[in-house]
Amino acid sequence: MADDPYTVLGVAKDADDKAIRAAYRKLAKGCHPDLHPGDKAAEARFRAIAAAYDILGDKDKRARYDRGEIDASGAEKPRSFYRNYADGDGAFRYHRADPGEFVDLGDIFGDMFAHRPGGGGGEGFARTFRFAGGDLRYHLAVDFLDAVNGATRRVTLPDGRTLDVTIPPGLENGQVLRLRGQGLPGGQGAPAGDALVEVEVRPHPVFTRRGGDIHMDLSVSLPEAVLGARIPVPTVSGTVTLTVPAGSNTGTVLRLKGKGVPGRRGAAAGDQYVTLRVVLPDRPDDELKDFLRRWGDKHPYAPRGGKAGEKRP
Amino acid sequence: MIDERELLRLVQGITADDLHVWIRNRWVRAEREGGAYLFSAMEVARVRLIHEMRHDLGVEEETLPLVLSLVDQLYATRAELHRLMDALARQPRDVRDLVLGPLRGPLGGGRPEGEE
């Protein structure tokens, strides 16, 4: 799950737009993947920073985040970086007009080697050296429930091969799966490189995930909240019956123990938290209005604190 | 390949005018087909990079060609390095050891570590 965007950008909760922009610029310069093609971790850092800025750099989204209406995730957009092309076949597209023109490696390396001290090979250093093949990187979007429960997905690689990717239960957004030996073949019988699959977990319309716990909102009617009810609710492992105790309210959080993300390696499973939202009928009828008029006169209460029946701001 | 309208939709925040200037400056290479521009996935990514450098990373218009040229040189140099490594990978093991052994010591210049 994404971290708090204020923490990611290292700014205070009350930082102004200028400070947020400055913090984002500073961090993004340090890890923009296209400007750091050799740094494999740069992309994950940059995505986190960009996702945080996507929220805090937008007045409306920031306000919604501050009010708790959206969480720190969901702002991440799938994208392909320039380095994915320029660090491959496209390397000479912009640097040289004629891609057929061969670069004289001697120009670059000859100079370097000429000035190296102790350039000689010497005797007797025959050490085993494994020249493993290079790693290949892929991007895979998986459904929320597959990431939670685990699944196997078949992906077709650009070269036409297919690869069965086992998604372990509890997989998190941005996690990288390493498939040993599925990268580029190694030279001279050495082992092949690995395929690195970066997984993007698609958001779910109902569930959100925080660590091992699943959260969801559940609408209940006024009678269900006041009188209590047993209501079927979805969980990541199927529908269960939730007991809503009498006297529940909007904001009441009920826990379904062990119905969160399955535990890994013997760890306990997470829980599902259901936040209730009391929904009034679309159009209160006369009977309800009459009843509430009589009831309200007799039973004043103070939803905003203060004295019962008082209409303070 | 995608057309200009799709590109402007994919890379939020750039205008057609920006894009035309970049194409004129040869910062972006678009294909032309019957008077319309067409862009490959690589060009889309490059347009996004240029936009981010201008807009998010604070690279000024006049500095942009310099930065782009350095970026292009970086990728070309990396490709040259990869070619060298590929050529090396096709050599017999003792040749690779001779070349790569000295790179493994401190600062890449030391003597090889203990023999086996």
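Helix H3(B) is largely enclosed by the rest of the structure, because 11 of its 15 residues are buried. This is a predicted model, so let us take that helix first and then turn to chain A. The buried residues of H3(B) are Met42(B), Glu43(B), Val44(B), Ala45(B), Arg46(B), Val47(B), Arg48(B), Leu49(B), Ile50(B), Glu52(B) and Met53(B). Their cover comes from two chains: it includes helix H5 (83-86) of chain A, along with strand E1 (2-3), helix H1 (4-10), helix H2 (16-24), strand E3 (36-39) and helix H4 (64-89) of chain B. The length of H3(B), residues 41-55, works out too: 15 residues at 1.5 Å a residue should span 21 Å, and the end C-alpha atoms are 21 Å apart.

Stepping back, chain A holds 9 helices and 11 strands, and 20% of its 313 residues are buried. Of the chain A contacts with a separation of 6 or more, 53% join residues 24 or more positions apart.

A word on confidence: chain A averages a pLDDT of 79, and 81% of the residues score at least 70. Over residues 97-130 of chain A, pLDDT stays under 50, and the model has 33 contacts beyond four places in sequence for that stretch.

Notes. Residues are numbered from 1 along each chain as its sequence is written. Chains are lettered from A and ligands numbered from 1 in the order in which they are written. This is a predicted model: local features need pLDDT of at least 70, side-chain atom pairs count only at pLDDT 80 or more; totals for chains, interfaces and linings use all residues. Helices (H or I, at least four residues) and strands (E, at least two) are DSSP runs, numbered from the N terminus. A residue is buried if 20 or more other C-beta atoms lie within 10 Å of its own, exposed if 12 or fewer, and partly exposed in between; C-beta atoms are placed from the backbone. Two residues are in contact if their C-beta atoms, placed from the backbone, lie within 7 Å. pLDDT is the predictor's confidence in each residue, from 0 to 100. The expected span of a helix is 1.5 Å times one less than its number of residues.
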